[in-house]
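Hello,

Here is the structure for your ligand work. My notes follow below it.

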Amino acid sequence: MTTTTNPADVLRTTFQKSVANYWNTNQNDPVNLRLGEVDGLYHHHYGLGPYDPSVLEGPEETRNERIIEELHRLETAQAEVLLDALGAIAPTDRLLDAGSGRGGSSIMANQRFGCEIDGVSISEYQVGFANEQAQLRGVADKVRFHFRNMLETGLETGSRRAIWTNETTMYVDLDEAFGEFARLLEFGGRYVCITGCSNDVTGLRSKAVSRIDEHYICNIHPRSAYFKALANNGLVPISVVDLTADTIPYWELRAQSSVATGIEDPFLTAYKEGSFHYLLIAADRI
Ligand code: SAH
């Protein structure tokens, strides 16, 4: 297996270059680092479940610390929900974390299943950071991060028992991504996706959804696009869970924290007006 390091081979389009640039240069955004410092699991996704309201009370000097720990706990809980949906994974299985960020979910998957995981990201900075974390935890022989494009991973055909995307599909063409995942999955292998998607029922993208796209330089897809692209690529849904109500508390807490980035209001508006959903989709390769 060769490791591709030439940016021109990994970043094919102007869009991909701007996404990579975003993740390479937003590295010190406090919401991304302060939360990871809590226990060394670095996430670039949102949280799930109710927050403990007591974090908002108590001494003023430590209020912020409490909120940060609570946000981090909810983000870790989100990754647990994703890993639960992967089904039975043996220590001998190989997994792919497509769009792996700073690698928190991959580290958790290795802790839970003891298996090998490859993560790919188009941010060279993130790949270096995530590999360092794997090294620090002594799992670098099993958890490896690569500077590669998820649309063309270079990994072996049929080599994966499961693949997940945790909030990354808004950066890619779904047919291209699911085509590559179908190639990599063994027969009966599972694909799990957690994503925000727009609601076909409320029509074309709302202003709030457009603001999210603009903030992250992404293209949120409509809900329908997911099921069309899955069906086109031999991926058959086994469960679809609407996580919208479960993620709203995270955003409400984050809006009151020192690590708020300004995108909290569009998320809360979009979820509450029904123009946007937070979905988990699990599908099997046939
Ligand atoms: N899944 C991670 C990170 C989500 S942020 C987590 O849950 O913490 C989105 C990630 O998608 C970033 O790491 C970004 O570099 C990656 N990404 C976007 N487009 C990509 C592409 N075409 N190939 C590989 N990674 C991509």
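How far is a nitrogen atom of the ligand from a polar backbone atom of glycine 99? The distance is 2.7 Å, a polar contact (a pair of N or O atoms within 3.5 Å). Glutamine 126 places a side-chain N or O atom 2.5 Å from a ligand oxygen. Serine 121 has a polar side-chain atom 3.0 Å from an oxygen atom of the ligand.

The protein covers 99% of the ligand's accessible area, which is 570 Å² for the ligand on its own (Shrake-Rupley method, 1.4 Å probe). Elements α2 (14–25) and β2 (116–121) each give two or more residues to the shell.

The ligand is surrounded by 21 residues, each with a heavy atom within 4 Å of it. The closest are His44, His45, Gly99, Gln126 and Met150. By class, the shell has seven nonpolar, twelve polar and two charged residues. Gly counts as polar here.

Threonine 76 counts as buried because its relative accessibility is 14%, and buried means under 20% (1.4 Å probe, protein chains only). Beyond its neighbours within four places in sequence, threonine 76 is in contact (heavy atoms within 4.5 Å) with Leu41, His43 and Met108.

On provenance: this is a predicted model, where local features need pLDDT of at least 70, side-chain atom pairs count only at pLDDT 80 or more, and totals for chains, interfaces and linings use all residues. Residues are numbered from 1 along each chain as its sequence is written, and side-chain values use heavy atoms, leaving out hydrogens and water.

Best wishes

Methods
Buried < 20%, exposed > 50% of the residue type's maximum accessible area, 1.4 Å probe, protein only. Polar contact = N/O pair within 3.5 Å; in protein donor to acceptor, adjacent residues only side chain to side chain. Helix = DSSP H or I, 4+ residues; strand = E, 2+ residues; numbered from the N terminus.
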